[in-house]
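I opened the notebook to look up a few things in one protein model. The entries below keep the order in which I went through the model.

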Amino acid sequence: MAANGGRGLRKPVFVKVESLKPETNGHTLVVKVVNSTTVLQKGAAASPHLRSTRIAECLVGDDTACILFTARNEQVDLMKAGNTVILRNAKIDMFKGSMRLAVDKWGRIELTEPATFVVKEDNNLSLVEYELVNVVEQ
């Protein structure tokens, strides 16, 4: 029986942005928001019974690399330029052959103390294009 009452909670392992790989998930990382650009804003103004949808693309990173983060709805409010956030259970989505970081309903975004590191903006993982390759096992 585990010391924490048998719930099997693991202490999160923080990873660096440069170690992120396509189609992976379960990442916990501390990143600083470099900028945030709203790419979609559908309001409830057109129809009150529809939920409003907001999507922003945010450049986030740490001292190893940066990546585009797709923020949805209330996440957009947390992802303001200059904020430092902890992304829990983040995943890598592929968009047009490049990586995007996202946090879905299984993850969490928390504001945290301002980071002391400088974001390494010249190593943008979202600018690396991946090609879908089918590997045939011999």
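**Ground rules.** I worked on a predicted model, in which local features need pLDDT of at least 70 and side-chain atom pairs count only at pLDDT 80 or more, while totals for chains, interfaces and linings use all residues. Residues are numbered from 1 along each chain as its sequence is written, and side-chain values use heavy atoms, with hydrogens and water left out.

**Fold.** I looked up the elements and found 1 helix and 6 strands in the protein, helices (H or I, at least four residues) and strands (E, at least two) being DSSP runs numbered from the N terminus. Read from the N terminus on, the order is β-β-β-α-β-β-β. I then looked up burial, and 34% of the 138 residues of the protein count as buried, where buried means under 20% relative accessible area, exposed over 50% and partly exposed in between (1.4 Å probe, protein chains only).

**Second largest pocket.** Which residues lie nearest the centre of the second largest pocket? I noted R72, Q75, V103, D104 and K105, out of a lining of 13 residues. The term rests on a 1 Å grid over the protein atoms alone: a cavity is a set of points where a 1.4 Å probe fits but cannot get out, whereas a pocket is an open set with protein on both sides within 12 Å along at least five of seven lines, and lining residues have an atom within 4 Å of a point. The volume of the second largest pocket is about 200 Å³, a volume being the space filled by probe spheres set on the points, which are joined across faces, edges and corners. I also checked which elements contribute to the lining of this pocket, and β3 (66-72), α1 (75-78) and β6 (108-111) each supply at least two residues. By residue class the lining of the second largest pocket divides into 4 nonpolar, 4 polar and 5 charged; Ala, Val, Leu, Ile, Met, Phe, Trp, Tyr, Cys and Pro count as nonpolar, Asp, Glu, Lys and Arg as charged, and the others, Gly among them, as polar.

**Rings.** I looked for a charge over a ring, which requires NZ of Lys or CZ of Arg within 6 Å of the ring centre and within 35 degrees of the ring normal. K32 lies over the face of F117, at 5.5 Å from the ring centre.

**T64.** Is T64 buried or exposed? I found T64 in the loop between β2 (53-61) and β3, and T64 counts as buried because its relative accessibility is 12%. I listed two polar contacts of its side chain (pairs of N or O atoms within 3.5 Å; within protein, one must be able to donate a hydrogen and the other to accept it, and residues adjacent in sequence count only if both atoms are side-chain atoms). The side chain of T64 reaches the backbone nitrogen of E18 at 3.1 Å, and it also meets the side chain of D62 at 2.6 Å.

**Positive phi.** E23, in the segment before β1 (25-42), has a positive phi of about 60° although it is not a glycine. With 62% relative accessibility, E23 counts as exposed. K96, in the loop between β4 (84-95) and β5 (98-102), is another residue other than glycine with a positive phi, near 50°. K96 is exposed, at a relative accessible area of 73%.

**Pairs apart in sequence.** I then looked up C-alpha separations for residues apart along the chain. Y130, in the segment after β6, is partly exposed at 34%, and its C-alpha atom is separated by 6.0 Å from that of S98, 32 residues apart along the chain. F95 belongs to strand β4 and is partly exposed at 41%; the C-alpha atoms of F95 and S126, 31 residues apart, are separated by 9.2 Å. K80, in the loop between α1 and β4, is partly exposed as well, at 42%, and between the C-alpha atoms of K80 and V33, 47 residues apart, I noted 6.4 Å. E113 is found in the segment after β6 and counts as exposed at 63% relative accessibility, with 8.6 Å between its C-alpha atom and that of N83, 30 residues apart along the chain.
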